[in-house]
Amino acid sequence: MDYIAAAMRGDIQTVAELSFECIMCGTCAAKCPAELSQHQIALLARRIWGCHGLPSSRDLEKRIREIQEGKYETVLGELMDLDTARLRKIYAQREQEPQDDTDWTPKDPDFPQRLLRESPSSNK
Ligand code: SF4
C-alpha cells in the first residue's frame, strides 16, 4: 500500500522503487476492496520511471541499434535451427554480466558464433 500511496501523490520514482520486489502475482488486486490493480500500477510506474526518469543506457541503445540494423539475424536464425539439446548446451556455456561491474566485457566476444562454428554438423 505504500507504493499505492506514492502513486496517489504522483510520485512515480517512489512507486517504482517501492514496488521493485512485486512479482506481479495479482493477489492484492484480487482482494482489493477499491478494485485497484496494484501490480499494473506498479508496472506502469516502473516503465515510466525507466523510460523518463533513469539515465539512458549507452550499451542498451547500442544493442537496440544493432538489432534494428540486423546484426544478429544470422546467428539468431542459426540458433533457431538447433535442436533443443544442442541449444541447451550452448545456452549453458553463456557468460552472465555481473550486476555491479560497469567495466565488464565478455571473455568470449564471439559467443555463440564460435560454438556454432566448432561443430556445425551437430547443430541440427
Ligand atoms: S501483485 Fe500485489 S500481492 Fe502480488 S507481489 Fe505484487 S504487490 Fe504483492
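A nonpolar core is a set of buried Ala, Val, Leu, Ile, Met, Phe, Trp, Tyr and Cys residues joined through C-beta atoms within 7 Å. A residue is buried if 20 or more other C-beta atoms lie within 10 Å of its own, exposed if 12 or fewer, and partly exposed in between, with the C-beta atoms placed from the backbone. Keep both ideas at hand for the views below.

What you see is a predicted model, where local features need pLDDT of at least 70 and side-chain atom pairs count only at pLDDT 80 or more, while totals for chains, interfaces and linings use all residues. Residues are numbered from 1 along each chain as its sequence is written.

View 1. The protein has 8 helices and 0 strands. Helices here are DSSP runs (H or I, at least four residues), strands are E runs of at least two, and both are numbered from the N terminus. The radius of gyration is 21 Å, well over the 14 Å that the globule rule gives for 124 residues, so the protein is more spread out than a compact globule. That radius is taken over C-alpha atoms, and the rule is 2.2 Å times the number of residues to the power 0.38. Along the principal axes, the C-alpha atoms fill a box of roughly 60 × 30 × 25 Å. Of the 124 residues, 8% are buried.

View 2. Domain 1 covers 2-53, and domain 2 is made of 58-95 + 108-123. These bounds come from an automatic or database domain assignment. How far apart are the two domain centres? Taken over C-alpha atoms, the centres are separated by 35 Å. Ala-5 lies in helix 1 (residues 2-9) and counts as exposed because it has 12 C-beta neighbours inside 10 Å.

**View 3. The largest nonpolar core.** Which residues make up this core? They are Tyr-3, Ala-6, Ala-7, Val-15, Ala-16, Ala-42 and Ala-45, 7 residues in all. Helix 1, helix 2 (12-18) and helix 4 each supply at least two of its residues, and helix 1 gives the most, with 3 residues. Touching, or being in contact, means that the C-beta atoms of two residues, placed from the backbone, lie within 7 Å. In soluble globular proteins, nonpolar side chains tend to be buried together.

**View 4. Ile-12 and Ile-41.** Ile-12 lies in helix 2, and Ile-41 lies in helix 4. Their C-alpha atoms are 9.8 Å apart, although the two residues are 29 apart in sequence. Are they buried or partly exposed? Ile-12 counts as partly exposed because it has 18 C-beta neighbours inside 10 Å, and Ile-41 is partly exposed too, with 19 other C-beta atoms within 10 Å. Setting aside residues up to four places away in sequence, Ile-12 touches Ala-45, Ile-48, Trp-49 and Gly-53. With the neighbours within four places left out, Ile-41 is in contact with Ile-4, Ala-7 and Leu-36.

**View 5. The shell around the ligand.** The ligand is surrounded by Cys-22, Ile-23, Met-24, Cys-25, Gly-26, Thr-27, Cys-28, Gln-38 and His-39. A residue is near a molecule or strand if its C-beta atom, placed from the backbone, lies within 6 Å of it. Helix 3 (27-31) and helix 4 (38-53) are the elements that give two or more residues to this shell. The shell has 5 nonpolar residues, 4 polar and no charged. For this count, Ala, Val, Leu, Ile, Met, Phe, Trp, Tyr, Cys and Pro are nonpolar, Asp, Glu, Lys and Arg are charged, and the others, Gly among them, are polar.

**View 6. Backbone angles in the loops.** Most residues other than glycine have a negative phi, and most peptide bonds are trans. Met-24, in the loop between helix 2 and helix 3, has a positive phi near 65 degrees. Glu-35, found in the loop between helix 3 and helix 4, has a positive phi of about 60 degrees. Phe-111 and Pro-112 are joined by a cis peptide bond, with omega about 0 degrees. Pro-112 sits in the loop between helix 7 (84-92) and helix 8 (113-118).
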